[in-house]
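The exercises below ask the reader to work from the sequence and the coordinates together. Each task is followed by a solution that goes step by step.

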Amino acid sequence: MHSQLLIGGLIKSPEVSQALAASLDAESFQLNFEVSEVNFLDWIGQNRHRVDCLIFEPAAAFLGLVASLQSRDIVLPTLIVAAEPLAVAAERTSDPPEETVQDYHKAVVRIPQTALSEAERYIREAIAQFLKLPDSHATDAVTSAWEDTHYFLLSLQQQRLSEKLRERLGYLGVYYKRNPESFLRNLSLQEREHLLKKLQSAYRGIVLEYFATSSDTLNQKIDDFVNTAFFADISVSQIVEVHMELMDDFSKQLKLEGRSEEILLDYRLTLIDVIAHLCEMYRRSIPRDM
């Protein structure tokens, strides 16, 4: 399936539209920018379930459209093109206040006009933040009926977007849901040891079943192992270390039993298989700009 993302929005400045078109290549992105609010609302109404990210310029245009988007239950990843840092005062005041932006959702991302050449990175960030919603929008124990409805619709849209990302870009939607705090390198020493022991145990189970003719669970065990490694941002070299440590343990046991170690060479196929699965998951998930 084609890996294009559909980007739409209200862009009134031809220079901004041209800069975005130059920055976002046609192979990866399909763009539709309207210059009038009426045309934009008509377009978004027809394409609400296809759009992956919205962009607004000038920023004040977003302020006028928040109520319309909410009334239509349209909740999407959003970029606002912010005014230049050295713009005149009148232009600076065109940026909507933060509280108004967060009335839509907390994952709205501002992109400076000077950074339009990096639009793809900002779009990825907007999608990543959107998929992590909600954070703590409502702090009261009892939320309003509007908030309940808002988060229900948000959840539906996140599910749609995640499914589209998986279909279009492999595991990209999953990649964006990874939590850096769960990465092996960011764990405490105790947590790191626990995770490594979990991986070692899981890999041992894979090795013991790998050449079993009657195994019905091997593929699932490999998938589970790769998922754990993926979400912990485990490198291929670390997987090799897990394999070599296990082979060393088996080698010692075989020597004690007076048996040949040659059988262990066959388990290179196990390592290759697992690494291939992990590499493919990383290949299909990591955005082009990373």
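**Exercise 1: a charged patch**

Asp 249 has a relative accessible area of 45% and is therefore partly exposed, a class that lies between buried (under 20%) and exposed (over 50%), with a 1.4 Å probe and protein chains only. The model is a predicted one, in which local features need pLDDT of at least 70 and side-chain atom pairs count only at pLDDT 80 or more, while totals for chains, interfaces and linings use all residues. Residues are numbered from 1 along each chain as its sequence is written, and side-chain values use heavy atoms, with hydrogens and water left out.

Task: state in which helix Asp 249 is found, and which residues form a negative surface patch.

Solution. Step one places Asp 249 in helix 11, residues 236-256; helices are DSSP runs of H or I with at least four residues, strands are runs of E with at least two, and both are numbered from the N terminus. Step two gives the patch, which is formed by Glu 241, Glu 245, Asp 248 and Asp 249. Patch members have over 30% relative accessible area and no salt bridge, like charges being joined within 9 Å and nonpolar side chains (Val, Leu, Ile, Met, Phe, Trp, Tyr) within 5 Å. Asp and Glu count as negative, Lys and Arg as positive, and His and the chain ends are not counted; the place of a charge is CG of Asp, CD of Glu, NZ of Lys or CZ of Arg.

**Exercise 2: a nonpolar patch**

Task: find which residues form a nonpolar patch on the surface, and where Leu 269 is found.

Solution. The patch is formed by Phe 211, Leu 269 and Ile 272, which together have about 300 Å² of accessible area, by the Shrake-Rupley method with a 1.4 Å probe, where for residues only the protein chains shown count as cover. Leu 269 is found in helix 12, residues 268-285, and it counts as partly exposed because its relative accessibility is 48%.

**Exercise 3: salt bridges**

Task: say how many salt bridges a search of the whole structure finds, and describe the partners of Arg 185 and Glu 209.

Solution. The search finds six salt bridges, each defined as a side-chain nitrogen of Lys or Arg within 4 Å of a carboxyl oxygen of Asp or Glu. Arg 185 forms one with Asp 233, their closest N and O atoms being 2.4 Å apart. This pair links distant parts of the chain, 48 residues apart, with Arg 185 in the loop between helix 8 (172-176) and helix 9, and Asp 233 in the loop between helix 10 (218-231) and helix 11. Arg 185 is exposed because its relative accessible area is 54%, whereas Asp 233, at 22%, counts as partly exposed.

Glu 209 pairs with Lys 221, with 2.3 Å between the closest N and O atoms; here the link runs from helix 9 to helix 10, over 12 residues. Glu 209 is buried because its relative accessible area is 17%, while Lys 221 is partly exposed at 32%.

**Exercise 4: the whole chain**

Task: what share of the residues counts as buried, and how many helices and strands are there in the chain?

Solution. Of the 290 residues, 43% count as buried, and the chain has 12 helices and five strands. Its accessible surface comes to about 15,600 Å², 51% of which belongs to carbon and sulfur atoms.
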